[in-house]
Amino acid sequence: MTDNPADNLRIREERLIDHERIYRIHESVFAGHREARLGDRLRRSDLAQISLVAERFSDPESGRHLSEGEGGLLGHVMASRVELSGCPGRVLMALAPLAVLPQHQRHGIGKRLVISAVKRCRLLGAGAVVAAGHAEFYAHLGFHPARHYGLYCHHEDVPGAFVAIELVPDYLAGLGGEVLFDHGFSDLGL
Ligand SMILES: CC(C)(COP(=O)(O)OP(=O)(O)OC[C@H]1O[C@@H](n2cnc3c(N)ncnc32)[C@H](O)[C@@H]1OP(=O)(O)O)[C@@H](O)C(=O)NCCC(=O)NCCS
């Protein structure tokens, strides 16, 4: 039996039993605990409106079906509300943290997590989504450099690139401004 993780994966909402495993994913992917702690903080502050895990749905050895909570978690993404300065009515969401376990990267898992999270952002009424990370990875998914929309964030030294995607055509047209993150993000320089 092949073990291509992308063929053996469900994307589902997090449950209480996942919290510690999610923490460990971020801890093992990023140096330090900043991203792992961000997840906990967003959850505690009720800012995290979306939190999805990528979980195996069958045992790679035996093929036995694994129910939710039983399969190994290979990745995780959260999305939470952010504000656009001077535009209180605009609904923007930020994807963070996002991580796929190193040994399972480049198998399409990150892409599936982001696509699912963005779909849910749209259902929650968001008109645009921002993220900080690998510009090329996000470019594959239709994101553009945030400056293309005149968006910036407080810290110049955002890790990687600051990117954005419109979910509603021209949602950001003619606006621009600073994307305001909750103080929970300050450890990440946002
Ligand atoms: C960034 C990350 C989430 C991507 O997840 P992944 O499962 O490895 O990515 P995918 O396999 O879904 O990649 C989707 C596409 O983006 C490309 N891609 C993935 N990571 C990339 C990177 N770092 N740079 C450039 N392109 C990348 C893939 O080649 C793939 O292209 P394809 O659709 O033409 O095959 C993962 O590498 C990760 O956890 N990195 C460390 C944590 C991190 O940096 N998080 C910040 C958010 S970006």
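Two strands pair if DSSP finds at least two bridges between them. Helices (H or I, at least four residues) and strands (E, at least two) are DSSP runs, numbered from the N terminus. Please keep in mind that this is a predicted model: local features need pLDDT of at least 70, side-chain atom pairs count only at pLDDT 80 or more, and totals for chains, interfaces and linings use all residues. Residues are numbered from 1 along each chain as its sequence is written.

**Strand pairing**
- Strand β7 (residues 151-153) runs parallel to β9, and three bridges link the pair.
- Y152 has E178 of β9 as its bridge partner.
- Strand β3 (residues 73-84) pairs with strand β9 (residues 177-180) in the antiparallel sense, over two bridges.
- For L84, the bridge partner in β9 is V179.

**Around the ligand**
- The ligand is surrounded by 16 residues, and the closest are Q105, G110, K111, G133 and E136 (a residue counts as near if its C-beta atom, placed from the backbone, lies within 6 Å).
- Two or more residues of this shell come from each of β4 (92-100), α3 (109-123) and α4 (135-139).

**Helix α1**
- I22, I25 and H26 are buried in helix α1 (residues 19-29); buried calls for 20 or more other C-beta atoms within 10 Å of the residue's own, exposed for 12 or fewer, and partly exposed lies in between, with C-beta atoms placed from the backbone.
- Why do they sit on the same side of α1? Because they cover an arc of only 90° around the axis, taken from the directions from the helix axis to the C-beta atoms.
- E20 and S28 are exposed, on the face of α1 turned away from its buried side.
- The buried residues of α1 pack against α2 (34-44), β2 (48-55), β3 and β4.

**Nonpolar core**
- The largest nonpolar core has 50 residues; such a core is a set of buried Ala, Val, Leu, Ile, Met, Phe, Trp, Tyr and Cys residues joined through C-beta atoms within 7 Å.
- Residues with the most contacts inside this core include L95, A117 and V130.
- β4 gives the most to this core, with eight residues.
- Beyond its neighbours within four places in sequence, V130 has contacts that include V82, L92, F162 and V179 (contact: C-beta atoms, placed from the backbone, within 7 Å).

**After β9**
- L190 lies in the segment after β9.
- L190 is buried because 23 other C-beta atoms lie within 10 Å.
- L190 and H154 are 36 residues apart in sequence, yet 6.4 Å apart in space, C-alpha to C-alpha.

Conventions. Two residues are in contact if their C-beta atoms, placed from the backbone, lie within 7 Å.
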